[in-house]
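Me: I have a model open and want to learn how to read it. Can you take me through the features one at a time?

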Amino acid sequence: MTEKRLLSGNEAVALGALHAGCARGTGYPGTPSTEILENYTLLGGEAAWAPNEKVAAEVALGVAFAGSRAMVTMKHVGLNVAADVLFTCAYSGIQGALVFVVADDPGLASSQDEQDTRRYGMAAGVPVIEPGDSQESYDFTRLAFTLSARWKIPVILRMTTRVSHTTAIVQPSDKIEAPLSPHFVRDIPGRVMIPGHARIKHRELRAKLREIQEWCETEGPNQIHQGTSSMGIVSCGVASQHAREACPEASLLKLGMTYPLPFKLILGFLKNKTQRFVIEENDPFLVEQIRAEGGDVPWNPEPYRMGELNVERVRRILKGDLTPEPVPARGRPPRLCNACPHGYVFEMLKKHDCIVAGDIGCYTLAALPPLSAMDSQICMGASIGVGLGLRHVLPEAEARRVVSVIGDSTFMHSGLTGVAEMVFNPPPTGHVLIVLDNLTTAMTGQQEHPATGRKLDHTPTTRILIEEVVKAMGVKTVLVLDPVRQLAELESAVMKALQSNDLTVIVARQPCLLAAGRIRSYEKSVPTHS
Ligand SMILES: Cc1ncc(C[n+]2csc(CCOP(=O)(O)OP(=O)(O)O)c2C)c(N)n1
């Protein structure tokens, strides 16, 4: 028997994918999913960061069209970016196997919203599997590959922060799948999703889902724990562990697949229970479906839809306790590192009372006191569009104070189309974009991206120079300045740009303080080339 290992959920997914014969992993970093691909590479798997989640999903789909098994990883909001791929590849189906590993963040440990990926599964018609611990992260990853290959359908493996980051013992299987031999088989009606083909594929998809649902009723990854009381709890993921601990005497149906649901199993389980509950994190996804099928389960009070569940919160749900919950002690709020290069730029923008359309990254911390120097942050890349929108309608004196600020990784992720809009539809007062280029994706733990010139494993590749790209896109005034050593020049460049009616892009380039040593060592071993 293979040796047991102590693994986080993310490490277990990486190992599970490798053992499932996955040929290639793709993704874009995002807490809590980032370590999956990093560990997959450390284990010897082939993997690469893509510029964003949509491209990552497309590459993985190509791998699966070629008859190989592929995994694409992302955080929950990454699926918004990749959703266009997800919905239509559910129709086309795949040849090898394709698993979307999507990590949700109930409680917003490090995210801008608490969206529930299970709804994407239902909306796109893609099965969703939910592990509740590291062992299941390993087993269910393998199951996701098996189901995907069997029904030739993409499968979502829904992780959550607690499952991704908790470490527990995993017994890996002795059975290790070898990667499939890729081979192109032409299937134009199956992969060219024009209406005439897609209409047929939609019917096929619904038929596959009915089959998967039948399979789930009898062979699905569902477990029943028979309790001693007449209370019945339906649950999934890590919430089922909290439910078990909160009320060990209740019978528990733990669902490993949350879309499509095995309704016969669920309704049969609930039948003779005098008290019935559904314990789930995030949206009432199970509750809604079970009630729609005629299951008599109560809605949980609205506050429990928000934040992570824990044993105490589950006890409160079971008791119907609606008294205010204790407020957890506030930790120290995060802040920019001392002497972070981003800080210099924001101090300058604050001094001039600029209206800052911001973006996501370490630099978003500039929105918090004492700097309070960012006025909006919505989603990756939004700084440019939102900045332009403000410029289009604000009175001229205010429009001239608007600056968009974006990080280098975020720029490569979704800033390029914003620049296209800026050049295509410039506001009458022009616009100013500052790209904070700290030569890494600092926020998620210093990952590489297309403008660093290094791949996931830090070996060199062609570097995309942001200043050259924006010049080629038609921005006339493009400057590269060091925000620490050339702060005065940077300040006067911003002031001049705000007075002009032109488009200006300033690349504020200075390595992240925490990454600088590592970047130097990579550069020393093999310099990057552009
Ligand atoms: C669609 C989406 N994918 C991933 C993330 C996670 N994430 C937030 S910001 C960011 C990149 C930050 O890097 P950069 O723009 O270079 O700024 P830095 O942190 O280095 O200052 C990532 C990966 C996210 N919030 N949304």
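The dialogue below goes from domains to cores, secondary structure, the ligand and the backbone.

Me: What kind of model is this, and how are residues numbered?
Reply: It is a predicted model: local features need pLDDT of at least 70, side-chain atom pairs count only at pLDDT 80 or more, and totals for chains, interfaces and linings use all residues. Residues are numbered from 1 along each chain as its sequence is written.

Me: Into which domains is the protein chain divided?
Reply: Domain bounds come from an automatic or database domain assignment. Here they give domain 1 (5-219), domain 2 (223-319) and domain 3 (341-525). The C-alpha centres of domain 2 and domain 3 lie 46 Å apart.

Me: Which residues touch the most other members of the largest nonpolar core?
Reply: Start with burial. A residue is buried if 20 or more other C-beta atoms lie within 10 Å of its own, exposed if 12 or fewer, and partly exposed in between, with C-beta atoms placed from the backbone. A nonpolar core is a set of buried Ala, Val, Leu, Ile, Met, Phe, Trp, Tyr and Cys residues joined through C-beta atoms within 7 Å. The largest one has 98 residues, and Ala60, Ala70, Leu86, Val99 and Leu157 touch the most other members. Domain 1 and domain 2 both give residues to this core, so it lies between them. A second, separate core has 50 residues, including Val356, Cys362, Met443 and Ile466.

Me: What does Leu157 touch?
Reply: Contact means that the C-beta atoms of two residues, placed from the backbone, lie within 7 Å. Leaving out residues up to four places away in sequence, Leu157 touches Val13, Val99, Val101, Ile129, Phe140, Thr141 and Ala144.

Me: How many residues of helix H2 are buried, and what covers them?
Reply: Helices (H or I, at least four residues) and strands (E, at least two) are DSSP runs, numbered from the N terminus. In H2 (residues 35-42), six of the eight residues are buried, so the helix is largely enclosed by the rest of the structure. The buried ones are Glu35, Ile36, Leu37, Glu38, Asn39 and Tyr40. Their cover includes helix H1 (9-19), strand S1 (5-8) and strand S4 (69-75). Gly44 follows H2 and has a positive phi, near 105°.

Me: Which residues of helix H12 are buried?
Reply: In H12 (residues 285-292), they are Phe285, Leu286, Val287 and Ile290. Among the elements that cover them are helix H5 (118-124), strand S10 (231-236) and helix H11 (263-270). Just after H12, Gly294 takes a positive phi of about 95°.

Me: Now a strand. Which residues lie on each side of S11?
Reply: Ser251, Leu253 and Leu255 lie on one side, Leu252 and Lys254 on the other, and all are buried. Next, its partners. Two strands pair if DSSP finds at least two bridges between them. Strand S9 (residues 223-225) and S11 run antiparallel, joined by three bridges. Ile224 stands opposite Leu253 there. S10 pairs with S11 in the parallel sense over five bridges. Cys236 has Leu255 of S11 as its bridge partner.

Me: How many residues surround the ligand?
Reply: A residue is near a molecule if its C-beta atom, placed from the backbone, lies within 6 Å of it. The ligand has 24 residues around it, and the closest are Gly361, Gly407, Ser409, Ala442 and Met443. Helix H4 (76-92) and helix H17 (408-414) each supply at least two residues of this shell. Domain 1 and domain 3 both contribute to the shell, so it lies between them.

Me: Which backbone geometry deserves a check?
Reply: Most residues other than glycine have a negative phi, and most peptide bonds are trans. Here, a cis peptide bond joins Thr31 and Pro32, with omega about 10°. Pro32 lies in the loop between S2 and H2. The bond from Tyr259 to Pro260 is cis as well, with omega near -10°.

Me: Where does Ala339 lie, and is it buried or exposed?
Reply: Ala339 lies in the loop between helix H13 (311-319) and helix H14 (341-351). It has 9 C-beta neighbours inside 10 Å, so it counts as exposed. Its phi is positive, near 65°. Asp353 also has a positive phi, about 50°.
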